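Subject: Structure handover

Hello,

Please find the structure below, followed by notes on what was found in it.

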Amino acid sequence: MADFVQHLHPAWQALIRVLFFVLPSFMLVPGVIWWERRLLGWMQDRLGPNRVGNITFSRTSKLVPSMLRGKKFKLFGLMQPFADFGKLIFKEDITPSAVDKLIYFIAPGIALFPALALGATIPWGPYSWITPVADVNIGILYIMAVSSLGVYGIVLAGYASDNKFSLMGGLRSSAQLVSYELAMGMSLACIVMATGSLKPSAMVAEQSGPLWGLDYPPFNMIQNWNVLTPYGLVAAIIFGICMIAETNRPPFDLPEAENELVAGYHTEYSSVKFAMFFMAEYLSVVVYGIVLSTLFMGGWHLLPIRFDAMATTYKSFGDVWNLLDTLNGSSLLAPVWVIAKACCVASTYIWIRATLPRLRYDQLMALGWKSLLPFATANLIVVSIWIISTKISSPIIGWVAVLLSAGILYGLYKTINKLNLKNRPNLASRTVTMVDEPSQRREAELVDPAPAPT
């Protein structure tokens with residue numbers, strides 16, 4: 001199969017690679033929608049969709065085989081997303097008369113495009129002949145550039161709708177982008193400096209090395225996933241928060257806050273155009289989950305275990321370790337592990353939605369500018385100290401320097417934060433004293449009504 005694809009024309013190779021990425025991503029969208037509604041139902045002590053798609057065979061029809069008569073097969077509401085999509089397709093498409101029609105019609109497509117193009121440099125497995133779509137040297141810069149384009153569709157939708165609530169939703173989205181793109185870029189810069197490459201495939205290969213660069217037991221038996229390193233864990237948390245804000249998901253869904261803006265930027269959209277915004281959001285959730293798992297959680301490797309090193313150390317079980325190494329990321333199951341990690345990230349999205357309330361707008365902006373960006377910058381300094389210390393001395397000395405510098409930066413941040421709060425009296429602590437008032441008794445006098453006239 002690999003030889004067949006490699007001998008095709010480059011245009012056909014590109015088309016096959018695009019389909020290999022786009023089709024699975026689109027197929028995951030209905031599943032993520034169904035899983036969100038079911039998981040939210042369980043978390044909120046209700047059922048969620050559980051009826052659409054159930055199949056019940058007739059008890060009396062002669063067209064049904066006797067073994068199937070009266071049988072009922074439950075699909076647990078799996079067809080609910082398809083039913084909703086069918087309803088949106090056949091729903092009346094209303095276009096307000098005062099909209100800017102050109103921008104109004106192209107905005108949903110612009111919102112959907114970045115979700116499709118975002119994963120072009122993300123590898124699904126160790127098969128260079130089929131994935132990624134383009135293994136370019138500036139893969140991380142491409143991801144940052146494409147992710148910033150998603151706001152254009154939202155802003156243009158709000159602007160073209162000729163609706164003040166839609167316009168406010170679009171402006172909120174652009175403000176979120178500016179606030180969280182910087183922290184996201186700084187968090188990714190930490191991983192770029194640590195791995196020495198902008199290619200996602202090279203980052204996955206770097207994560208397959210021994211943990212923290214210590215090539216002796218037990219560190220050489222654990223893969224160096226970025227999320228298992230101190231700087232990588234901080235960067236992963238910051239990147240995860242920023243990607244939730246990027247996709248306008250709760251608690252960062254202020255661009256479409258129903259209690260403030262009716263429905264936000266897509267208030268004036270209906271039918272297929274609304275479905276495209278809906279699909280763009282959930283497709284972005286899936287793709288960002290793939291990006292997060294690739295850059296921080298080992299990519300197509302299922303477990304952070306170096307079975308090849310274990311095969312070298314424990315030779316008596318060499319065949320077992322080699323089999324596990326193949327299953328862990330070198331087999332055709334590699335794309336399955338990527339999808340499984342993306343589904344875990346999507347479940348975290350849903351968990352956050354069910355747990356945290358929507359932020360106020362000032363809280364949202366303060367989180368981006370006053371917390372995430374300083375922490376990401378401090379983390380970048382920590383990575384720089386670690387790289388220099390490792391090159392000058394040993395990895396152990398480098399990690400001691402990382403811990404010391406992280407403690408100093410954390411203390412500096414807390415000190416500046418406290419000084420800032422002292423100069424803001426409106427944030428001073430306030431107390432409320434409850435006063436018990438004596439109860440007042442009121443007497444009611446019952447009066448017999450006058451007899452009705454006869």
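Asp135 is partly exposed at 36% relative accessibility, a class that lies between buried (under 20% relative accessible area) and exposed (over 50%), computed with a 1.4 Å probe on protein chains only. Its side chain meets that of Lys199 in a salt bridge at 3.6 Å, N to O; the term requires a side-chain nitrogen of Lys or Arg within 4 Å of a carboxyl oxygen of Asp or Glu. Asp135 lies in the loop between helix H4 (101–117) and helix H5 (139–147), and Lys199 in the loop between helix H7 (164–195) and helix H8 (200–207), so the pair ties together parts 64 residues apart in sequence. Lys199 is also partly exposed, at 21%. Helices are DSSP runs (H or I, at least four residues), numbered from the N terminus.

This is a predicted model: local features need pLDDT of at least 70, side-chain atom pairs count only at pLDDT 80 or more, and totals for chains, interfaces and linings use all residues. Residues are numbered from 1 along each chain as its sequence is written, and side-chain values use heavy atoms, with hydrogens and water left out.

The structure holds seven salt bridges. One of them pairs Glu36 with Arg353 at 2.7 Å, N to O. Glu36 belongs to helix H2 and Arg353 to helix H14, so this pair links parts 317 residues apart in sequence. Glu36 is buried at 2%, whereas Arg353 is partly exposed at 35%.

Glu281 and Arg249 form another, at 3.0 Å, N to O. Glu281 is buried at 14%, and Arg249 is buried at 3%. Salt bridges with shared partners join Glu36, Arg249, Glu281 and Arg353 into one network.

Regards

Methods: Helices (H or I, at least four residues) and strands (E, at least two) are DSSP runs, numbered from the N terminus.
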